[in-house]
Amino acid sequence: MHYNLALIGFGNVGQALAQIFRDKHANLAQQFGADFMIVAVCDLLKGSVCDPNGLDPATLLDTLTATGKLETIVAPHHGWDALRTIADSGADVVVELSYTDLKTGEPALTHLRAALNAGKHVVTTNKGPIALHYAELKKIAETKGVEIGAEGTVMSGTPSLRLGLELLAAAGITRLQGIINGTTNYILTQMEAGMTYADALKEAQAKGYAEADPTGDVEGYDAAGKAVILANLLMGAALTMNDVDRVGITGLTPQDISAAAANGERWKLIGKVEKANGQVAASVRPTRLSITHPLASVGGATNALTFTTDLLGDVTLIGPGAGRLETGYAVLGDLLAIHRRFGK
Amino acid sequence: MHYKLSLIGFGNVARALARLLLRKQDLLKSRYDITFSFTGISTGRHGCAVNPDGIDIHKALERVESKQSISPLSSFNVQDSLAVIQHSQANLMFENSPVNTQTGQPAIDHIRTALELGMHVITANKGSVVHGYHELSALAKSKGKTFGFEATVLSGSPLFSVFRETFPLAELISFKGILNATTNTILSRMENGESYEDAVKYCQSIGLTETDPTNDVDGWDAAIKVAALITVLMDTPFTPQQVEPTGIRDITPEMIAKAKAEGKRYKLVCSVEKSGKQIRARVEPKLVDPSSPLYGMMNSSTGVTLRTDVLPDYSIITSEREGMTSGPVETAYGLFADFVNAVKN
């Protein structure tokens, strides 16, 4: 089965996906019978290029490395904006990887709406539109008989949504809780080792975990967005960002950290989604955990999520919460899920 | 869609499964439009029954649990498992006959027969995966049927399918974990001062281990799970005998107390490493300290950390929910989940 892909956004994750196709195209065809071909790439800064006969992933990556742009690639169409790319590139699947805005979900929201309305599958790693407007997008997708893949929005390549949906099918999930922001977990781990908050943040920024403006991470907005996604996709809720009881880590002092340590405990920023009396409630809060708690030993930028289920007890998934190749594989996982469902 | 089910093997796990299916029958109907009946049952000691119009499952449970034969529930005379499979007219078979670590039989014959008759097959039988995976999965594929075996490892957490879907192109190069709930429970209880004998008795009382606990305490159950993971996820045939497990019988209360005083604890650790074509697998008691992800896994917790050639480590761990005791119901859940996943599409 052949799929034409349009990539909206060509940052780290888009490039990682191109790299996977460059290196593993033959394996994908042989193992899964899936032939993924990039027909268009549209990036706000790097330019836009479309060839309905296919763009070579190696050429995309090499040209970008050499020139920082996509403009010099030989192709019939250049300079199309995102909406034109979605409409006219002949894509079967739109991979939306533009920047995240947790207040409006834009511009990704407009892109996803356009793609779904045109009957195209979408795969996105963008938390904004999924956290804010999943119900609306899902409705369009159902009407049009297409799929929304969003695995990369939570825990990047760690298959939290996929595992959740598998468990959900039969086990009945009653609670989700975990460490769903790698930046704050890294900072807390460093503070426990004796660093000040300011130094730990600086180090997280130097390592590329935290943005220049760290508010989204340290005030818990990023984790809150993920909690909303988990609640709405896995527990059938209709929460908004405002429904999340959210406290970040900026109020934690070195004294708090050492007081916990003296008590055999450790601070973690815990995201939690719980069903009680038919209501789903979500929170993001710094929480003191005993060091014997399974989530307490999760250090650095690693993420972890515990699914409490009716029939199976607790199932905990631990893995990387970020990373370009990890997230690229999350996109690939979603593409293969579309292939499993529609490729017969 | 209506599913006719046959249960080959009707021990603790299969009976827990039957009860789970009954408990969830309204949900299956409302969510997936699935109904079911039981058309064949084969037991080890209490006879066999076949009835294409449906066997009264409540009576079957009652009879077996009061040690009576189920033959009177049969619409005609059948003598053995293969006859049950052949005459049940089932579209799906659950294979839960006793595990044979040496050959995987008779489970492999049961599964082959059922697949050839066009049934889906779901099993918790590790022997059939270790000794028959390549043949049986190829046969299932050629027939367009499911051969589901999530219940064989990690009591039903979907490890195999999640691995396949998450690491579509990755090569598994090593894994490490705790795979046997009984020994982990025994070691946890001994750490709290209970004797080995009492801890074994406790595990027997909740149905976690057999009257003869040899398979668990000598490491064979862990070894066969290791072999199943290698066979499927590393795509390399491997037997439990190649693992040469060491069990927990030699771990004394003194050793446990000494470890505890040093802030450590014993775990029956499974570890597998692949280098080139060479696979090295071990099951042995090891001292672990709090920096190990295995340290916090107590009682019936099981889990593994997987390392692939492309991405960082991933772990999946199952543990008891508060107020829950582990037992056959979790394995039954694994079978149930495979059933739902096989029929929901």
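**Close-up views of a predicted two-chain model**

**View 1. Contact between the two domains of chain A.** In this predicted model, 14 residues of domain 1 of chain A are in contact with 19 residues of domain 2 of chain A. The elements of chain A that contribute two or more residues to the domain 1 side of this contact are α5 (127-144) and α12, and the largest share of that side, five residues, is provided by α5(A). Sorted by class, the residues on the domain 1 side comprise eight nonpolar, three polar and three charged. Domain 1 of chain A is assigned to residues 2-156 + 324-342, whereas domain 2 of chain A covers 160-320; the centres of these two domains, taken over C-alpha atoms, are separated by 28 Å.

**View 2. Packing of helices α1 and α12 in chain A.** Helix α1 (residues 12-32) of chain A packs against helix α12 (residues 324-342) of chain A with the two axes 9 Å apart and at an angle of about 45°, which makes α1(A) oblique to α12(A). The crossing formed by α1(A) and α12(A) is right-handed. On the α1(A) side the contact is made by Asn12(A), Val13(A), Ala16(A), Leu17(A), Ile20(A) and Phe32(A), and on the α12(A) side by Arg324(A), Leu325(A), Thr327(A), Gly328(A), Val331(A), Leu332(A), Leu336(A) and His339(A). Taken by class, the contact of α1(A) with α12(A) consists of nine nonpolar, four polar and one charged residues.

**View 3. Contact between the two domains of chain B.** Chain B is divided into domain 1, which spans 2-148, and domain 2, which spans 166-322, and the centres of the two domains of chain B, taken over C-alpha atoms, are separated by 29 Å. Eight residues of domain 1 of chain B are in contact with 11 residues of domain 2 of chain B. Helix α6 (residues 126-143) of chain B gives the most to the domain 1 side of this contact, with six residues, and the residues of that side divide by class into three nonpolar, four polar and one charged.

**View 4. Packing of helices α8 and α9 in chain B.** The axes of helix α8 (residues 181-191) of chain B and helix α9 (residues 196-205) of chain B lie 9 Å apart, and the two helices pack at an angle of about 135°; α8(B) and α9(B) are therefore oblique to each other. The crossing in which α8(B) passes α9(B) is right-handed. From α8(B) the contact draws on Thr182(B), Thr185(B), Ile186(B), Arg189(B) and Met190(B), while α9(B) contributes Tyr196(B), Ala199(B), Val200(B), Tyr202(B) and Cys203(B). By class, the contact of α8(B) with α9(B) contains seven nonpolar, two polar and one charged residues.

**View 5. The sheet of 11 strands.** This open sheet has mixed pairing, and its 11 strands follow the order β9(A)-β11(A)-β10(A)-β8(A)-β12(A)-β13(A)-β11(B)-β10(B)-β7(B)-β8(B)-β9(B). The edge strands, each of which pairs on one side only, are β9 (245-246) of chain A and β9 (278-288) of chain B. Within the part of the sheet that comes from chain B, strand β7 (residues 172-178) and strand β10 (residues 302-308) run antiparallel and are joined by six bridges, and Lys176(B) stands opposite Thr305(B) in β10(B). Helix α11 (residues 254-262) of chain A packs on the sheet, where it touches β10 (265-276) and β11 (279-290) of chain A, and the direction of α11(A) makes about 85° with that of β10(A).

**View 6. Contact between chain A and chain B.** The contact takes 33 residues from chain A and 31 residues from chain B. The elements α1, α6 (160-170), β13 (313-320) and α12 of chain A each supply at least two residues of the side that touches chain B, and the largest share of this side, eight residues, comes from β13(A). By class, the side of chain A that touches chain B has 18 nonpolar, 10 polar and five charged residues. Strand β13(A) pairs with strand β11 (residues 314-319) of chain B in the antiparallel sense, over five bridges, and the bridge partner of Asp314(A) in β11(B) is Ser319(B).

Note on methods
Residues are numbered from 1 along each chain as its sequence is written. Chains are lettered from A and ligands numbered from 1 in the order in which they are written. This is a predicted model: local features need pLDDT of at least 70, side-chain atom pairs count only at pLDDT 80 or more; totals for chains, interfaces and linings use all residues. Domain bounds come from an automatic or database domain assignment. Two residues are in contact if their C-beta atoms, placed from the backbone, lie within 7 Å. Helices (H or I, at least four residues) and strands (E, at least two) are DSSP runs, numbered from the N terminus. Ala, Val, Leu, Ile, Met, Phe, Trp, Tyr, Cys and Pro count as nonpolar, Asp, Glu, Lys and Arg as charged, and the others, Gly among them, as polar. Axes are lines fitted to C-alpha atoms, for helices over the stretch in contact, and angles run from 0 to 180 degrees between N-to-C directions. Angles under 35 degrees count as roughly parallel, over 145 as roughly antiparallel, 65 to 115 as roughly perpendicular and the rest as oblique. A crossing is left-handed if the near helix is turned anticlockwise from the far one by less than a right angle, and right-handed if clockwise. Two strands pair if DSSP finds at least two bridges between them.
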